[in-house]
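Work through each task with the coordinates open before reading its solution.

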Amino acid sequence: MNYTNKNFYRQFYLKTGGFLPTKPLNKSLFPGDYFQIKNGEIILLGNIYRNGIISHHDADISGVIALNDANWNFSDGISKPYSGRSLAHGSIEGDFEFSKQILAFAHKGSFIFKAEEPESVKINNWNEIQQQLIIKLTQTLYSFRELYVVTESATAKNTTLATAGEANAELELACEAENFGLTDIFGHSKTKTIQSKDIEYYHRETKRKPAYFKAKKLVVQDEKLSYFISDFIARENNVSAWTDSFFDSNFHNDTDYNTQMIMQNAQGFYLDMLQCNELNPNTALLYFKWADANLDDVEKLFGAYGN
C-alpha cells in the first residue's frame, strides 16, 4: 500500500477540500490528537484535551457536520468496460438476475473510492487556543519542534477503496441488489468480488472510524527563516579561506555547501542552530506559527517509497 496509494492520498486532499486519510487507513484520529510523521507513518503521541494541555473549560468541539457526498466519491484512471445485468440459475431459487460490473485500472496507483454519508466534527475555537498551544507544546510542557494537531475528524457510514498494483488491473464485481436497475455497484453493501487482477489494496470499512482528518502543523515564522538563510549564506561564503588558514595540511579546500538543500530544509536547520536560551516561553510566538497540513505532508507520508 505504501507506494501505490500515494496517488489516492493526493487526490483525496484535493477532492475533499483539505482532508487527509490516516496512514494506515485503519487508524482513528480525533480532534485534539497530536502526532508526528516517522518513517512514513503517523505516530500518535497524545491529545491536547486528554493530556490536560487545554482544559475542559476551554474545549469547544462542534456538533456533527454533514459533508458533501459528491466530494467523497471519486476515482482516477478508472474505466468501466462492462456494467449491466446478468442471469444466473440457483438450485433452490431457480433463475435470478444480478448486477455485474468490470472496473479497469489504467495504471499502477489508479484507484476508485466511495463513501456514504460523510460527516465531521471539529475544534471550533482554534484561533483562541493556538498561541497557548505553541507555548505549551514547544516550551513549558514539551519541547516539540515538529508536531501536527488534528483540528477536524471525518468519518462515513461506510467507505470502499480499491487500488491497482500494476497497469491494466481489473476488478470484476457482482451484486444481488433489490434495485434491478443498479449497475454501478462498487461500494454497495451486497457487492461481492468475483475475481481481481493486480489489485494491490482493497479496503472496506463499515464502522464510523474517524480515519480522515485536517490538521495544523508547527512551522517556523517566515521572517525568521529568511533571516537564517541570508545570515548562513553570508557567513559561509569565506569558509574556504578559513580552512586554508586554520589547518596546516594539503586538504582540498574548495568547500561546496548545497545552498538549495539549505533553503529546502531551512526550518530543521534553523531550529537546530539556535543559541542556548534564545528560544524560550517569552519568544516562542516569534519563532513558531501553525500552518495547514497539505500535499507536502503527503510527500512525508510516502517520501521513503519514491514518487
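Two rings of Phe, Tyr or Trp, the last taken by its six-membered ring, form a pair if their centres lie within 6.5 Å. The model is predicted, and by this rule the count comes to 21 aromatic pairs.

**Exercise 1.** Classify the pair formed by the rings of tyrosine 34 and tyrosine 142, and locate both residues in the chain.

Solution. The ring centres are 6.3 Å apart and the planes stand at 55°, so the pair is tilted, given that edge-to-face requires over 60 degrees and stacked under 30. Tyrosine 34 belongs to strand E2, whereas tyrosine 142 lies in the loop between helix H2 and strand E10, 108 residues apart, and the pair thus links distant parts of the chain. Tyrosine 34 is buried at a relative accessible area of 1%, while tyrosine 142, with 32%, counts as partly exposed.

**Exercise 2.** Classify the pair of tryptophan 72 and tyrosine 212, and find the cluster that includes both.

Solution. With centres 5.5 Å apart and planes at 90°, the pair is edge-to-face. Tryptophan 72 is in the loop between strands E4 and E5, and tyrosine 212 is in strand E15, 140 residues apart. Both residues are buried.

Key
Residues numbered from 1 in each chain as written. Predicted model: local features only at pLDDT ≥ 70, side-chain atom pairs only at ≥ 80, totals over all residues. Heavy atoms only, no water. Helix = DSSP H or I, 4+ residues; strand = E, 2+ residues; numbered from the N terminus. Buried < 20%, exposed > 50% of the residue type's maximum accessible area, 1.4 Å probe, protein only.
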